[in-house]
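Work through the exercises below with the model open. Try each task before reading its solution.

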Amino acid sequence: MTTTSPVSGLTASATAGDFPAGTVEPDYVLTEALGTDPASVFAAIGAEDREYWDRARDFVQDEVLPVIDGFWERGDYPLHLLKRLGELDLLRDGVPVNGFPAMSRMAAGLVTMEISRGDGSVATMIAVQGGLALRSVAECGSAVQKERWLPAIAAGTEYAAFALTEPTHGSDAVALESTATGTAGGYLLNGEKKWIGNGSVGGVTVVWARGEDGQVHGYLVPQDTPGYAATKIEGKLALRAIWQAHIRLDNVFVPEEDVLPGARTFKDTARVLLATRLGVAWSAVGHATACYETAVQYARQRRQFGRPLGASQIVQERLARMLSELATMQLMVVQMTRLDEEGTLTPEQASLAKFTCTRTARAIASNARDLLGGNGILLANRVARHLADIEAIHTYEGTETMQALIIGRGITGTSAFS
Ligand SMILES: Cc1cc2nc3c(=O)[nH]c(=O)nc-3n(C[C@H](O)[C@H](O)[C@H](O)COP(=O)(O)OP(=O)(O)OC[C@H]3O[C@@H](n4cnc5c(N)ncnc54)[C@H](O)[C@@H]3O)c2cc1C
């Protein structure tokens, strides 16, 4: 009979003793999904949310893990996976779209976590296309714009990007300098954007620019519009299987009907960003889960000094520490998402979740990398890819420090950044 541990998720039959000693290194089996849930935080997840989660898990095991290392190593974009996310209705980040079934905030979080357990680039496809671009149209678009764009972006039949950051305005995106100047029948956009996911793959970009009223507005720009020039950013160490673009806007004409009517000031942009901040925390939990579960499997299978690594007390203490940190992250994202679903989540709480989870994921990944020894730097063993990818989510959608400053403003009542 086999028994399953609620902590490690491993069955008793898959114990260290099954892996014989010898001079030939075994083929380690490190990609099993162990379902780690030490505090039973996921026990109460409802059937509909779990159905989304299971679909994401099958997609990761069957379609992401078998191919992702090659794409990541080559710096290629597996656009077919973006399309599959759309086909499987995993791309939408919980944004309601006519013709699509209801998807709760919890389901969206679980999907982001699970896809991140597989790969950060694929999770970033959801963050960019569903979390940011789709949500911008849903929150700020006209009825006609919603009908034109929402189903296509949600289904992955159109690619979509969100262009806020500029080469000289990242954390202070509120001070962006791209301009929208009135002309006959619409506006001319000028300026530069940096780090724009999906900005060069052919699709539509939501461009944020400053109008003549001095406020930030949103514009829908098909990427084949004359004057829109996007270059893939090369030489990245993280998220290598999704492309970010450097975009130049040179008198890009946007007709009046492609201006987002609900994007009247930067506050509307910030509303979209706030909705996605918790998603990045979920992503961090997924990365950390992958690293922890890889470390558990490796500690059981790798033998040194005549016994499995996991038989050493200090290794067990390290695994216990990682599990404790992972449980903290899980508890935090589930509770914050409950608040989000009730409509009471505050910006400070969303920042606390991102701040806690990306920095903790970083620590878990580093610990797991070390526990795998030299094998820890090999892409095939997963941890190195996650370790690198966490560096990107630590920064995007508000750096760790900016989250700390938002939390600090809430604690002290004084803003240190405006
Ligand atoms: C892989 C990736 C994908 C991205 N995708 C997109 C996208 O699709 N669309 C988009 O619009 N943007 C995107 N971004 C941009 C991202 O949101 C910015 O990188 C992020 O907001 C930080 O801006 P920055 O890189 O210019 O860093 P900076 O703002 O220059 O910050 C540099 C450092 O200074 C610190 N700092 C800044 N201000 C302060 C302060 N007042 N006090 C103390 N410390 C401070 C920061 O915390 C950081 O440590 C992406 C970025 C990356 C890396």
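The exercises cover domains, helix packing and the ligand shell of this predicted model.

**Exercise 1. Domain layout**

Task: List the domains of the chain, then describe where domain 1 touches domain 3.

Solution: 
- Start with the assignment. Domain 1 spans 47–155, domain 2 spans 160–265 and domain 3 spans 267–411.
- Take the centres over C-alpha atoms. Those of domain 1 and domain 3 are separated by 20 Å.
- Count the contacting residues. Domain 1 brings 24 residues and domain 3 brings 24 residues.
- Find the elements on the domain 1 side. Helix H2 (68–74), H4 and helix H5 (120–140) each give two or more residues to it.
- Pick the top contributor. H4 gives the most, with ten residues.
- Sort that side of domain 1 by class. It holds nine nonpolar, seven polar and eight charged residues.

**Exercise 2. H4 against H7**

Task: Classify the packing of helix H4 (residues 105–118) on helix H7 (residues 266–301).

Solution: 
- Get the geometry. The two axes come within 7 Å and cross at roughly 40 degrees.
- Apply the cut-off. Angles under 35 degrees count as roughly parallel, and 65 to 115 as roughly perpendicular. H4 and H7 are therefore oblique to each other.
- The crossing of H4 past H7 is right-handed.
- Name the contact residues. H4 supplies Ala-108, Gly-109, Thr-112, Met-113, Glu-114, Ile-115, Ser-116 and Arg-117. H7 supplies Gly-279, Trp-282, Ser-283, Val-285, Gly-286, His-287, Thr-289 and Ala-290.
- Sort them. The contact of H4 with H7 has six nonpolar, eight polar and two charged residues.

**Exercise 3. H4 against H5**

Task: Decide how H4 and H5 run relative to each other, and state what makes the contact.

Solution: 
- Read the angle. H4 and H5 pack at about 150 degrees, with axes 6 Å apart.
- Apply the cut-off. Angles over 145 degrees count as roughly antiparallel, and H4 and H5 are therefore roughly antiparallel to each other.
- List the residues. Thr-112, Ile-115, Ser-116 and Gly-118 of H4 meet Gly-120, Val-122, Ala-123 and Ile-126 of H5.
- Sort them. The contact of H4 with H5 divides into four nonpolar, four polar and no charged residues.

**Exercise 4. H3 against H5**

Task: Describe the crossing of helix H3 (residues 79–87) with H5.

Solution: 
- Read the geometry. The axes come within 10 Å and cross at roughly 60 degrees.
- Classify it. That angle makes H3 oblique to H5.
- H3 passes H5 in a right-handed crossing.
- List the residues. Leu-81, Leu-82 and Leu-85 of H3 face Val-122, Met-125, Ile-126 and Gln-129 of H5 in this contact.
- Sort them. There are six nonpolar residues, one polar residue and no charged residues.

**Exercise 5. The ligand shell**

Task: How many residues surround the ligand, and which are the closest?

Solution: 
- Count first. The shell has 21 residues.
- Pick out the closest. They are Leu-164, Gly-170, Ser-171, Thr-399 and Thr-401.
- Trace the elements. Strand E1 (160–163), strand E3 (186–197), helix H10 (383–395) and helix H11 (400–412) each supply at least two shell residues.
- Find the largest share. E3 provides it, with three residues.
- Step up to domains. Domain 2 and domain 3 each give at least three residues.
- Finish with class. The shell has eleven nonpolar, nine polar and one charged residues.

Notes
Residues are numbered from 1 along each chain as its sequence is written. This is a predicted model: local features need pLDDT of at least 70, side-chain atom pairs count only at pLDDT 80 or more; totals for chains, interfaces and linings use all residues. A residue is near a molecule or strand if its C-beta atom, placed from the backbone, lies within 6 Å of it. Helices (H or I, at least four residues) and strands (E, at least two) are DSSP runs, numbered from the N terminus. Ala, Val, Leu, Ile, Met, Phe, Trp, Tyr, Cys and Pro count as nonpolar, Asp, Glu, Lys and Arg as charged, and the others, Gly among them, as polar. Domain bounds come from an automatic or database domain assignment. Axes are lines fitted to C-alpha atoms, for helices over the stretch in contact, and angles run from 0 to 180 degrees between N-to-C directions. A crossing is left-handed if the near helix is turned anticlockwise from the far one by less than a right angle, and right-handed if clockwise. Two residues are in contact if their C-beta atoms, placed from the backbone, lie within 7 Å.
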